[in-house]
Amino acid sequence: MYRFRRLRRDERIRSMMQETRLHPKDLMYPVFVIEGVDIRNPVASMPGVFQYSVDRLDEILAQVKEAGIGGVMLFGIPQHKDLQGSGAYAVDGVTQRAVRFIKEKYPQIYIVVDVCLCEYTSHGHCGMVCRDEILNDETLPYLVRMAVSLVEAGADMVAPSDMMDGRIAAIRDGLDQAGFTQTPIMAYSAKFASAYYGPFREAAHSAPGFGDRKSYQMDCANGQEALREIAADIEEGADIVMVKPALAYLDVLKEAALTVARPLAVYNVSGEYAMVKAAADKGWIDERRIVTENLTAMKRAGAKIIITYHALDAVRWIE
Ligand code: PBG
Ligand code: ZN
């Protein structure tokens, strides 16, 4: 009889047989930067996550640097919002200032910036709005401006999360024309309209003021369409393609990993984090083991990069 258990007998042989191993460089940590001074606001639905003003970013960046993770994903929260999301592409916008600060004081940290207008628009949608419609083509120039402005400030990579059609081509073209031909784009390609983003919208003050995001983000029922979105973004010039959220969409991630010729990222989103933290807080689950298991599953399914709020804890937990 073949006995699988021979290779599971003790920890020494088990660790030799392990197919997937997490490494700090697999992980990327989201950071929320808020306008103002001397701020470190806890996000209620995301225990352990804070909004920092630029002058207090050191508190988190020191930990990021020490952890040796892949990089940070920046989200800005401006004081002023308007119909065009002008804070998103202002030279002295909150995210631009944060990027300059990190570039100068922590040159070893790789800076990825989320490119989307929802934190900056008064209506909270990811694009321009006309009556109750979210406009596509009219939004593209604003996204391009935002991306170029953040790269001018020093961002190493841009990550468009808006889900407008044609944005990867537009941003690639805009970056190239501005001379940033070497700046990669990580496309939120298969981004589903998900209830799992709830806590993020509290953290980033980006909840839509009316309606929902279903006319631009994907239906959670659609796996084949996700692969078409990914293919389209690659065609338009995406360097890395993302599936988001993570756990309920590992089938999409796996299928992409088997068929797609680009590195894959997965976003372990705010609601996924909140559920783990809440259950752990109640003593119902073992947080360390659950987090390690979840992140390992994401890597096993094919993710090269895992964007996760657990990143700083996880590096302490993966030996
Ligand atoms: C902005 C954006 C969102 C997230 C990342 N970028 C929210 C949304 O689309 O409403 C979600 C991240 C998370 O939930 O952790 N478009
Ligand atoms: Zn958005």
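Predicted model: local features only at pLDDT ≥ 70, side-chain atom pairs only at ≥ 80, totals over all residues.
Reader: Which protein atoms are the donors of the zinc ion (ligand 2)?

Author: The SG atoms of Cys116, Cys118 and Cys126 are its protein donors, and they lie 2.2 to 2.3 Å from the ion. Along the sequence these donor residues follow the spacing C-x1-C-x7-C. Cysteine 116 and cysteine 126 are ten residues apart, and each sits in the loop between β5 (111-115) and β6 (129-130).

Reader: Are cysteine 116 and cysteine 126 buried or exposed?

Author: Both cysteine 116 and cysteine 126 are buried, a word used here for under 20% relative accessible area.

Reader: What is the geometry of the site of the zinc ion (ligand 2), judged from its angles?

Author: In general, four tetrahedral donors have ideal angles of 109.5 degrees at a metal. In this model the four donor atoms of the zinc ion (ligand 2) make angles of 99 to 121°, and the site is tetrahedral, because four donors count as such if all angles lie between 85 and 135 degrees.

Reader: Turning to the other ligand, which residues come nearest to ligand 1?

Author: There are 19 residues around ligand 1, of which Lys191, Arg201, Lys244, Ser270 and Tyr309 come nearest.

Reader: Where do polar side-chain atoms lie relative to a nitrogen or an oxygen atom of ligand 1?

Author: For aspartate 114, a polar side-chain atom is 3.4 Å from a nitrogen atom of the ligand. The side chain of arginine 201 places an N or O atom 2.7 Å from an oxygen atom of ligand 1, while for arginine 213 the corresponding distance to an oxygen atom of ligand 1 is 2.9 Å. Of the 400 Å² of accessible area that ligand 1 has on its own, the protein covers 100%.

Note on methods. Residues numbered from 1 in each chain as written. Chains lettered and ligands numbered in written order. Heavy atoms only, no water. Donors = N, O, S within 2.8 Å, 3.2 Å for Na, K, Ca; no water. Tetrahedral: all angles 85-135°; square planar, octahedral: opposite > 155°, others 65-115°. Helix = DSSP H or I, 4+ residues; strand = E, 2+ residues; numbered from the N terminus. Buried < 20%, exposed > 50% of the residue type's maximum accessible area, 1.4 Å probe, protein only. Near = heavy atom within 4 Å. Polar contact = N/O pair within 3.5 Å; in protein donor to acceptor, adjacent residues only side chain to side chain. Areas by Shrake-Rupley, 256 points an atom, 1.4 Å probe, with all protein chains shown as cover.
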